[in-house]
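Please look through the model below. A few questions and answers on it follow.

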Amino acid sequence: LRALRPFDTLLEIGCSVGPNLKLIKDEYPSLSTVGIDASELSVEAAHKFVPGAGVILGDARHMPSGLKSFDIVLADASLMYIEPDEINRVMDAIALITKKAVIIIERCTDSKKGSVAGGVWGRDYEHLLKERGFKVTKENITEEQWPHSPNWVKYGYYLGGRK
């Protein structure tokens with residue numbers, strides 16, 4: 001995140017109970033953060049776990065109407081659950097609400113729509129971001145970064161897309 005400064009707002013898609021939001025808020029206390037998650041239980045837990053973060057019920061397939069724009073949009077292991085016929089709409093919505101950069105941590109394959117990669121949908125996120133005008137960097141997830149997780153080491157990537 002440091003390389004993306006200055007930034008004031010961040011949205012995490014599929015935030016679960018908020019572990020990423022907590023780490024980010026601890027590092028950047030004045031940052032305005034919002035998380036969305038499709039699980040009501042996760043949203044309730046996130047309100048307790050990450051005080052000061054706005055966490056709302058919703059998912060990437062049907063972005064809540066109140067979401068406007070964010071400097072940074074983060075998707076960490078959440079887009080892999082989006083069905084192939086919905087991914088383009090989701091990526092369009094992400095591109096629309098992103099002012100500066102997208103950070104994606106997902107399983108990747110050569111398929112634009114999606115092919116199974118370790119039990120979930122992997123995609124060519126680099127291509128999907130470039131189609132929407134982002135300049136993309138891509139880095140493999142290593143065994144040292146994600147130990148004891150062969151599917152993440154085989155298919156996992158960090159992708160950064162800048163507008």
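Predicted model: local features only at pLDDT ≥ 70, side-chain atom pairs only at ≥ 80, totals over all residues.

**Confidence, pockets and strands**

Residues are numbered from 1 along each chain as its sequence is written, and side-chain values use heavy atoms, with hydrogens and water left out.

Q: Where in the chain is confidence lowest, and where is it highest?
A: Confidence is lowest in strand E3 (residues 54-57), at a mean of 94. It is highest in helix H4 (residues 125-131), at 98. Helices (H or I, at least four residues) and strands (E, at least two) are DSSP runs, numbered from the N terminus.

Q: Why is Lys48 called exposed?
A: Exposed means over 50% relative accessible area, buried under 20%, and partly exposed in between (1.4 Å probe, protein chains only). Lys48 has 71%, so it counts as exposed. Lys48 belongs to helix H2 (residues 40-49).

Q: Why does His148 count as exposed?
A: His148 reaches 75% relative accessibility, which is over 50%, so it is exposed. His148 is in the loop between E8 and helix H5 (150-155). Its phi is positive too, near 60 degrees, in a residue other than glycine.

Q: What makes E5 mostly covered?
A: Seven of the 10 residues of E5 are buried.

Q: How do you know that E4 and E5 pair?
A: Two strands pair if DSSP finds at least two bridges between them. E4 and E5 have six bridges, so they pair, in the parallel sense. One partner of Leu74 in these bridges is Ile103 in E5.

Q: In which sense do E5 and E9 pair, parallel or antiparallel?
A: E5 and E9 pair in the antiparallel sense, over seven bridges. Arg107 stands opposite Gly156 in E9.

Q: What makes a β-α-β unit with E4 and E5 right-handed?
A: The unit consists of E4, helix H3 (residues 87-97) and E5. A crossover is right-handed if, with the strands pointing away from the viewer, the path from the first strand over the helix to the second runs clockwise. This unit is right-handed, so its path runs clockwise in that view.

Q: What is the volume of the largest pocket, and what lines it?
A: Its volume is about 540 Å³. The lining has 21 residues, and Leu1, Leu4, Leu74, Ile103 and Ile105 lie nearest the centre. A pocket is an open set of points on a 1 Å grid over the protein atoms alone, where a 1.4 Å probe fits, with protein on both sides within 12 Å along at least five of seven lines; lining residues have an atom within 4 Å of a point. Grid points are joined across faces, edges and corners, and the volume is the space filled by probe spheres set on the points. E9 gives the most to this lining, with five residues.

Notes
pLDDT = per-residue confidence, 0-100.
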